[in-house]
Amino acid sequence: MANISTAKGTMYLSRKFYDKNKELIDNWVKYYQTPQNYEYYGFAYMKIEEVTEDEVWLKFDGEGRWSWEDTLERLFSSDEFRSQINPYRDDLIKRLYESKEEIEMEYQDYEPGCQILVEREVTVSVEKYDNKDKYYTEVIVDTDIDIDYNDYNRIKTGVEDGYLLDENKEGLVKALKDFYYENKDIIEEKDFRLFKKYVLAYVEHDSELKGGLCTYRLMDDPDTFLEIMETSLEN
């Protein structure tokens with residue numbers, strides 16, 4: 001099974017195109033606001049965030065196959081999982097093509113299995129195969145930023161919950177205190193202040209953490225957390 005990436009970002013449509021196709025676009029957006037309506041490898045949620053003089057901003061969540069970039073290439077062309085495709089999509093594709101409308105997107109893409117964490121800005125347009133009544137999606141990557149894959153950046157970008165030493169040290173200490181007393185029987189340090197000292201040093205200096213600690217590390221497997229921390233401090 002392919003790894004699933006999650007994307008969060010903003011899509012920008014021209015105000016002129018929106019005004020001309022308002023009912024269609026509103027229905028297309030509304031479809032994703034019902035929890036059971038989503039596209040397998042496509043949009044999972046969407047809402048109109050702002051309407052300006054020149055643009056309409058659409059906030060979206062999406063799911064990607066391996067990466068959201070790969071999914072974008074099939075966004076307005078794929079017929080896979082037809083039963084889950086937004087019923088307004090085909091009409092929207094046709095109008096995008098006829099208007100030669102380009103869509104701009106800014107998004108973060110997160111895929112933990114392959115340790116992907118990126119920020120991208122892309123331009124998306126609908127094109128048509130020669131002599132065929134079939135469309136495809138053209139994606140031009142305008143900005144591509146690979147973000148260092150560590151706990152600090154994952155928490156800072158909002159793709160994981162957790163604690164940052166430079167912003168929420170008090171919250172981390174409180175979580176460590178709860179962890180300590182819940183798992184006291186397997187912790188070598190019999191003094192919480194000493195345990196806290198070791199964990200904070202681990203969070204600050206470990207190359208996978210870099211000053212942040214994802215919540216799941218404390219919750220999933222206490223034995224593994226303690227073992228990894230000990231190994232990191234030894235090195």
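Is Arg120 buried or exposed, going by its relative accessibility? Exercise 3 returns to this residue and works out the reply.

The model is predicted, so local features need pLDDT of at least 70 and side-chain atom pairs count only at pLDDT 80 or more, while totals for chains, interfaces and linings use all residues. Residues are numbered from 1 along each chain as its sequence is written, and side-chain values use heavy atoms, with hydrogens and water left out.

**Exercise 1.** Describe the salt bridge between Lys8 and Asp61, and state where each partner lies.

*Solution.* A salt bridge is a side-chain nitrogen of Lys or Arg within 4 Å of a carboxyl oxygen of Asp or Glu, and a search of the whole structure finds twelve of them. In the pair of Lys8 and Asp61, the closest N and O atoms are 3.4 Å apart. Lys8 belongs to strand β1 (residues 4-14) and Asp61 to strand β3 (residues 55-65), so that the pair links distant parts of the chain, 53 residues apart.

**Exercise 2.** Identify the salt-bridge partners of Arg120 named Glu69 and Asp144, and classify the accessibility of Arg120.

*Solution.* With Glu69, the closest N and O atoms are 3.4 Å apart; because Arg120 lies in strand β5 (residues 116-128) and Glu69 in helix α3 (residues 68-72), this pair ties together parts that are 51 residues apart in sequence. With Asp144, the closest N and O atoms are 3.0 Å apart, and since Asp144 lies in strand β6 (residues 135-146), the pair ties together parts 24 residues apart in sequence. For accessibility, buried means under 20% relative accessible area, exposed over 50%, and partly exposed in between (1.4 Å probe, protein chains only). Arg120, at 11% relative accessibility, therefore counts as buried, whereas Glu69, at 22%, is partly exposed, and Asp144, at 43%, is partly exposed.

Terms used: Helix = DSSP H or I, 4+ residues; strand = E, 2+ residues; numbered from the N terminus.
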